[in-house]
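Contacts of individual residues come first, and the overall make-up of the chain follows.

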Amino acid sequence: MGGGAGPTAGGSGERDYVLNKNTMKFHYPSCSSVKDIKEKNRWDYTGTREEIIDMGYVPCKKCNP
Ligand SMILES: [Zn+2]
C-alpha cells in the first residue's frame, strides 16, 4: 500500500526491536536490558519477529518479544 511515512505504519506485524549482535538476543525497545547493550552490539531493527528469528536471534526471556 501507499508509502506513508510515520512512526506507526501499523498492520502486518512489523514493529521496532532492538537486537544485540553480541548475545544474539532481541528485545523490545522498552526492555530494561536494552540500556546495557553496548553501542557497537546494538542494532535497532524494524520488521517482523519471524525475520529476526530467521537471522538466528532468540527472544529475550525478560521482555519476551
Ligand atoms: Zn529484553
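Leaving aside residues up to four places away in sequence, Tyr57 touches Leu19, Met24, Lys25, Phe26 and Ile52, where a contact means that two C-beta atoms, placed from the backbone, lie within 7 Å. The model is a predicted one, in which local features need pLDDT of at least 70 and side-chain atom pairs count only at pLDDT 80 or more, while totals for chains, interfaces and linings use all residues. Residues are numbered from 1 along each chain as its sequence is written.

Tyr57 also belongs to the largest nonpolar core, whose six residues are Tyr17, Val18, Leu19, Phe26, Tyr57 and Cys60. Strand β1, residues 15-20, gives the largest share of this core, three residues. Such a core is a set of buried Ala, Val, Leu, Ile, Met, Phe, Trp, Tyr and Cys residues joined through C-beta atoms within 7 Å; a residue is buried with 20 or more other C-beta atoms within 10 Å of its own, exposed with 12 or fewer, and partly exposed in between, the C-beta atoms being placed from the backbone.

Gly13 lies in the segment before β1 and is exposed, because 10 other C-beta atoms are within 10 Å. Across 34 residues of sequence, Gly13 and Gly47 are 7.6 Å apart, C-alpha to C-alpha.

| Item | Value |
|---|---|
| Buried residues among the 65 residues in the chain | 12% |
| Contacts joining residues at least 24 apart, among those between residues at least 6 apart in sequence | 65% |

The chain has one helix and four strands, these being DSSP runs (H or I, at least four residues, for helices; E, at least two, for strands) numbered from the N terminus.
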